[in-house]
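The structure is shown first, and the discussion follows.

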Amino acid sequence: MTQITLRLRLPSAVSAAIGLLAVMAAVGALFPAVGHSIGKLNVPKSVDNLLGGADYGTVTGWFRSEIAIIYGPLVIGALAITGASAATAGEEEDRILALVLAYPIRRSRLVIAKAAAIAAVVLIVAFAIWIGLIIGVALAGGGITIAHITALAVQLAFFGLATGALAIALAAGTGRRSLATGLAAGVAILGWLVNSFAPLISALTWLKYLSLFYYYAGHDPLTRGIDIPSLIVLGLVTMALMAIAIVSIERRDLRG
Amino acid sequence: MSTPAIATSGLSKDFGSGHGLFGLDLEVRQGEVFGFLGPNGAGKSTTLRLLLDLIKPTAGSARVLGLDTANESLAIRRRVGFLPGDLAMYPRLTGQVVLDFLAQLRGGVDQRVRDSLVERFGADLNRPIRQLSTGNRQKLGLVQAFMHEPELFILDEPIAGLDPLVQQSFHALLAEVSAQGRTVLLSSHTLSEVERVTHRLAILREGRLVVVDSLENLRKVAVQRLEIEFAAAVDTREFRVLPGVVDVAATGATVTVSFEGSADAVVKAAASHEVRALRPREDELEDIFLRYYRKDAT
């Protein structure tokens, strides 16, 4: 089951991985030419937060704003969400699961197998980001250690897993592809906005703890390395969402 | 007495607004080919999906091969071959890959059996599913339902899209598995699809079981139609008053008489005139079907 899902999802994952490698190499190559001239942007704090500090004058700031805050999570989140929704609710809406689940396979096993395939996609993309960052940083003239690049890729992989698990939980609970995709994407984007804006209002600062994005980037892996507590939270959220997915799909009627 | 292959008790699935299945009590014996008939929306597919635990009943229960569908579904699915109505498979993958995958889900199947089914139906395994016609997809559906040699086949509209030769092949296969003592539950919305192979029939209408009987018994109570071509026009009133006659229609010198039970009175009345031709209407079996639909509608 994992194998066949992976076979179906692999072309988009590989295309995304190649695209990411190319983009990151280009971003790195661009830094010596334009990075220093842009420098640190003088923008409102809210925009500054949205852009991960908006410091284009350093290699770390450049990659944080260009890759870590927007492009990386966007690609990994999009692949995880669309892949998870298509592999579960999508196959249900397309009536493929009406055949597959008439075979001797538990729904829980099906969901876990689908999740394993999506996890593999996330890891492939995270690996491509890791390689891409190493190349990009080298082309930019260096300035970020391999350990910190690894930290970003690991945090991003955990973010992708949690986001994918959210989509699987929604898809398994509802059997509706577009609803699962839309809601999971909405939660992910809201998380990014909350992580950026909540700290600006002291009364709402606590809201950032509800954002998956905070546990990915809140501790700035490119400068501070891996944050184990954040990974534990993302791991626990992933497992809790998978448990919800399994319980909800076991109990309901198959659609279609 | 052996355990029935399928036994349902008050099995219900209420989708609201009068749709669904209501209080189905049905028993399918082991080794029989059982036709499950009804118009679209009668509750046939709902029943089949309930038997495989794809959907949960709102009331009642069902046992398949002696096992409870709610608690022992996995064991049931190991022993059942299922062909869903509106079959769908991975469109981008070839038949070969899909069959390999499905065989793997069963923990492997006898390759010789699978190959012989592929050959028998002339299934195309090399093209992606999306490039196959409905009939060619259906052939793959039949191969996957039969390839693990299950004890029970649950087939939802199995001959949809199949050409007549493949239909023949399919009917021959049904006769073989039936002779081996295996059970077939076959749903269809037209009687002609199943009349050649079924031992008994159930007719479902608006989610409720209307009748269960052998085809032979159903025929006995069927409305039959006889087309009689006379040498000259006759007065149709003499047919209308005959016992069992429900309708008489005339076009020129040709009279079509619809009647229940024996044809004796109609034939004898016709014999008092010069009869050029006598033709039983081909759709007589569909009339059985229609009669039960109408019966409850009144």
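Predicted model: local features only at pLDDT ≥ 70, side-chain atom pairs only at ≥ 80, totals over all residues.

Is Ala87(A) buried or exposed, and how many other C-beta atoms lie within 10 Å? Ala87(A) has 29 other C-beta atoms within 10 Å and is therefore buried, the cut-off for that class being 20 or more. The residue belongs to helix H3 of chain A. When residues up to four places away in sequence are not counted, Ala87(A) touches Thr5(A), Arg9(A), Lys114(A), Ala117(A) and Ile118(A). By contrast, 33 Å separate the C-alpha atom of Ala87(A) from that of His148(A), which lies 61 residues apart from Ala87(A) along the chain.

**Nonpolar cores**

The largest nonpolar core holds 152 residues. Within this core, the residues that touch the most other members are Val122(A), Val125(A), Ala167(A), Ile168(A), Val143(B) and Ile154(B). Helix H6 of chain A, residues 146-174, gives the most to this core, contributing 18 residues. Apart from this core lies another, of eight residues, which include Val234(B), Val255(B), Val257(B) and Val266(B). For Val122(A), with neighbours within four places in sequence left aside, the contacts are Ile76(A), Ala80(A), Ala157(A), Gly160(A), Leu161(A) and Gly164(A).

**Helix pairs**

Two packed helices are described by the angle between their axes and the distance between the axes. The table gives these values for one pair in each chain.

| Helix pair | Residue ranges | Angle between axes | Distance between axes |
|---|---|---|---|
| H3(A) and H7(A) | 59-93 and 177-197 | about 160° | 8 Å |
| H4(B) and H5(B) | 111-121 and 134-146 | about 150° | 9 Å |

The angle of about 160° makes H3(A) roughly antiparallel to H7(A), and their crossing is right-handed. On the H3(A) side, the contact involves Gly77(A), Ile81(A), Thr82(A), Ser85(A), Ala86(A), Ala89(A), Gly90(A) and Glu93(A). These residues meet Arg177(A), Ala180(A), Thr181(A), Ala184(A), Ala185(A) and Ala188(A) of H7(A). Sorted by class, the contact of H3(A) with H7(A) comprises seven nonpolar, five polar and two charged residues.

In chain B, the angle of about 150° between H4(B) and H5(B) is over 145 degrees, and the two helices are therefore roughly antiparallel to each other. H4(B) likewise passes H5(B) in a right-handed crossing. H4(B) contributes Arg114(B), Leu117(B), Val118(B) and Phe121(B) to the contact, while H5(B) contributes Lys139(B), Leu142(B), Val143(B) and Phe146(B). Of the residues in the contact of H4(B) with H5(B), six are nonpolar, none is polar and two are charged. Val143(B), one of the H5(B) residues in this contact, is also among the residues that touch the most other members of the largest nonpolar core.

Chain B contains ten helices and 14 strands. Its C-alpha trace spans about 70 × 45 × 40 Å along its principal axes. Of the 298 residues in chain B, 40% are buried. Among contacts in chain B between residues at least 6 apart in sequence, 69% join residues at least 24 apart.

The contact between the chains takes 15 residues from chain A and 19 residues from chain B. On the side of chain B that touches chain A, helix H2 (73-79) and helix H3 (95-105) each supply at least two residues. This side of chain B consists of 13 nonpolar, no polar and six charged residues.

Technical notes
Residues numbered from 1 in each chain as written. Chains lettered and ligands numbered in written order. Core = buried A, V, L, I, M, F, W, Y, C linked by C-beta atoms within 7 Å. Buried ≥ 20, exposed ≤ 12 C-beta atoms within 10 Å, placed from the backbone. Helix = DSSP H or I, 4+ residues; strand = E, 2+ residues; numbered from the N terminus. Contact = placed C-beta atoms within 7 Å. Axes fitted to C-alpha atoms, helices over the stretch in contact; angles between N-to-C directions. Parallel < 35°, antiparallel > 145°, perpendicular 65-115°, else oblique. Left-handed = near helix turned anticlockwise from the far one by under 90°. Nonpolar A, V, L, I, M, F, W, Y, C, P; charged D, E, K, R; others polar.
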